[in-house]
Every structure is written in structure tokens, then in C-alpha cells.
Amino acid sequence: MADHAVFERHRRRLWGIAYRITSSVSDTEDVLQDAWLRWQALPDDRALEPRAYLTTVVSRICYDRLTSARARRETYVGPWLPEPLVAAREPAPGPEEHAALDESVGFALLTVLERLTPAERTAFVLHDVFEVPFPEVAEAVGRTPDAVRALASRARRRVRDERPRQTVDRAEHRRTVEAFLAAVTAGDLDTLVATLDPDVVWRSDGGGAVGVARVPVLGSEKVARFAGGLVRGLDPAGTRVEVLDVNGAPGIVFADPASARAAVLAFTVHAGRITGIDCVVNPDKLRHLGLLPA
């Protein structure tokens with residue numbers, strides 16, 4: 001039986017790989033459980049390098065899951081957005097506020113990765129994000145090293161061409177998000193519009209379970225009115241509203257137990273204005289966060 005301590009030593013890295021390939025917290029947890037069972041079943045005397053072996057196993061399971069999930073995502077009601085990662089608290093102000101955002105897990109990149117084929121996405125995540133050598137990537141997706149090199153190159157070009165421009169400065173991003181929150185909670189439409197890029201895009205993921213726009217909302221005036229509608233009707237006294245780290249960057253979390261409504265908002269910011277807002281309200285995608293009473 002393989003050593004549990006060895007698996008745990010690599011868990012964080014394996015979790016990061018699985019989430020970036022699947023964009024799903026629930027799938028990631030299932031993948032790691034499956035990988036653990038396979039690892040546990042190995043004989044103690046089997047000669048292998050744990051990091052490489054576990055990376056290949058997790059990547060292969062994710063690749064298979066992503067392939068089978070494509071048909072479901074194509075029939076999903078409205079935009080399909082990642083299951084958000086929300087930090088327990090936003091980092092305290094200080095020098096780290098000026099550190100670069102973690103773009104590798106951000107909604108902007110994950111949304112672009114959704115447009116890639118499963119093989120392209122797996123190759124890009126493994127090689128470009130986690131620096132896995134091409135021969136190991138080839139084992140995960142069942143292709144030759146030359147084939148996965150081409151897959152990664154094709155994915156890299158699409159990411160470069162399609163990923164929106166955004167600031168990498170946490171302080172600028174946070175200031176912009178806080179200005180948006182202050183304006184939307186105060187009902188100040190003019191100030192709210194001023195925080196938004198004229199071509200801002202709002203995407204809502206309700207999964208058919210929550211009544212939200214099923215197509216992207218475009219333009220600062222429309223998005224401002226739509227954002228105002230999100231907070232309208234919430235209980236001001238009982239609603240939790242916080243700026244927290246959402247997928248590696250300051251975002252906003254709403255939770256109103258009285259109406260059983262919750263939302264997580266991720267932002268793309270460029271040149272001091274918001275260019276994209278991804279709003280997840282699908283209860284299935286927020287359940288792991290425990291925002292509402294069970």
C-alpha cells in the first residue's frame with residue numbers, strides 16, 4: 001500500500017492542476033479521491049517517482065472528465081462559469097497589496113480555457129502553468145510528445161489572443177472593486193457607470209436554477225442597471241457583503257439568508273475601470289462555500 005504522507009505532500013499541487021483543468025471544485029475533490037484510491041492500491045515495492053506518477057494520474061482523470069463534460073456544458077442554461085474559489089479573508093493591506101494577481105486561476109483565463117479542446121486545455125495547464133515536461137503531458141492525454149507540443153502551442157496562441165487585458169496590481173484592482181461596491185450599494189448610478197469600461201461585459205451563471213440573464217449584458221449603462229437589480233430586494237441588515245479574494249483577485253461576495261440568495265462576483269480590471277464581471281449565483285456552484293445555511 002502506497003504511503004499516505006507522500007500523497008498528502010503533493011495534494012496542494014494536484015488540487016491546483018485538477019481545478020485549472022476542470023474549473024470545478026466538486027470535480028477536483030472527486031478527482032483527488034479517485035487518484036488517492038489508485039495510489040493506495042499500488043504495491044509498496046513498485047518503483048516510481050511519486051510527483052510524476054500522481055501528476056499523470058490526476059491529469060488523465062481530469063482529461064477524461066472534461067471530455068465527457070463537454071456535451072453537458074454545451075447544453076447548459078446560460079453562460080457556464082467556473083465554481084469560484086473564495087479566500088476566507090482578503091489579505092491585509094500592506095506591501096503584498098501591490099503583488100501581481102494570480103492570473104493562472106482567474107476567471108478571465110479560465111473562461112478562455114473553456115473554449116479549448118480538452119487535450120489543448122490539459123496540455124496548456126500542465127506545461128505552461130505547472131512546467132510538466134512534454135513526455136509526461138503525452139502520457140496524460142494519450143498523444144505523442146510532438147503532438148502535445150503542438151496542442152500547447154495552439155492553446156498558448158488562443159490564450160494570448162483571447163484573454164482580456166487586465167491589471168496585475170492588486171491595489172488598483174481592489175480600489176476599483178471597492179468603488180463599484182460603494183456605488184452599487186448606494187444606488188449611485190452615475191458613479192457606478194464611471195467605474196465601468198464603456199464596453200464592459202457582465203456574465204451571469206444561474207444554471208437555470210436562478211432567474212438571471214441568460215446572455216451576456218453589454219455596455220456600462222446596461223451593466224450598471226443590472227448590477228443595481230442584483231442588490232435590490234436584499235435585506236440590508238441581514239445581508240453579508242464583503243470584498244474577498246475570488247480566484248486570486250479581489251471580488252465581492254453577497255449572501256442574504258432571508259431570501260436564500262447568494263452571489264460571488266469576479267472582476268476583470270484594466271486601466272482603472274472594470275471591463276468584465278462574472279457573477280455566479282447557481283446554488284450548486286456555491287454550495288462548497290457555505291454562504292447560506294444548509
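By class, how many nonpolar, polar and charged residues does the lining of the second largest cavity have?

A: The model is a predicted one. By class, the lining of the second largest cavity has five nonpolar, five polar and one charged residues. Start with the space itself. The second largest cavity holds about 40 Å³. A search of the whole structure for cavities of 30 Å³ or more finds two.

Now the residues. Val77, Gly78 and Pro79 belong to the lining of the second largest cavity. Ser204, Gly206, Gly207 and Gly208 line this cavity too. Val210, Val212, Ala213 and Arg214 complete the list. The classes can be read from these names. Val, Ala and Pro count as nonpolar. Gly is placed among the polar residues. Arg counts as charged, and Arg214 is in the lining.

The largest cavity has a volume of about 140 Å³. Its lining is made up of 18 residues. Gly106, Phe107, Gln166, Ala249 and Phe267 are the closest of them to the centre. Three elements each give at least two residues to this lining: helix H4 (107–113), strand E4 (249–256) and strand E5 (261–270). By class, the lining of the largest cavity divides into nine nonpolar, six polar and three charged residues.

Charged residues also form pairs elsewhere in the model. Side chains of opposite charge can pair when their charged atoms come close. The count of salt bridges comes to 17. One of them joins the side chains of Glu8 and Arg11, at 3.0 Å from N to O. Glu8 and Arg11 are three residues apart in helix H1 (residues 4–22), so about one helical turn separates them. Glu8 counts as partly exposed because its relative accessibility is 31%. Arg11 is partly exposed as well, at 28%.

Arg240 forms a salt bridge with Glu242, and their closest N and O atoms are 2.3 Å apart. Arg240 has a relative accessible area of 32%, so Arg240 is partly exposed. Glu242, at 30%, is also partly exposed. Arg160 and Asp161 meet in another salt bridge, at 3.7 Å from N to O. Both Arg160 and Asp161 are exposed. Finally, a network of salt bridges links Asp27, Asp30 and Arg65.

Notes. Residues are numbered from 1 along each chain as its sequence is written. This is a predicted model: local features need pLDDT of at least 70, side-chain atom pairs count only at pLDDT 80 or more; totals for chains, interfaces and linings use all residues. Side-chain values use heavy atoms; hydrogens and water are left out. On a 1 Å grid over the protein atoms alone, a cavity is a set of points where a 1.4 Å probe fits but cannot get out, and a pocket is an open set with protein on both sides within 12 Å along at least five of seven lines; lining residues have an atom within 4 Å of a point. Grid points are joined across faces, edges and corners, and a volume is the space filled by probe spheres set on the points. Helices (H or I, at least four residues) and strands (E, at least two) are DSSP runs, numbered from the N terminus. A salt bridge is a side-chain nitrogen of Lys or Arg within 4 Å of a carboxyl oxygen of Asp or Glu. Buried means under 20% relative accessible area, exposed over 50%, partly exposed in between (1.4 Å probe, protein chains only).
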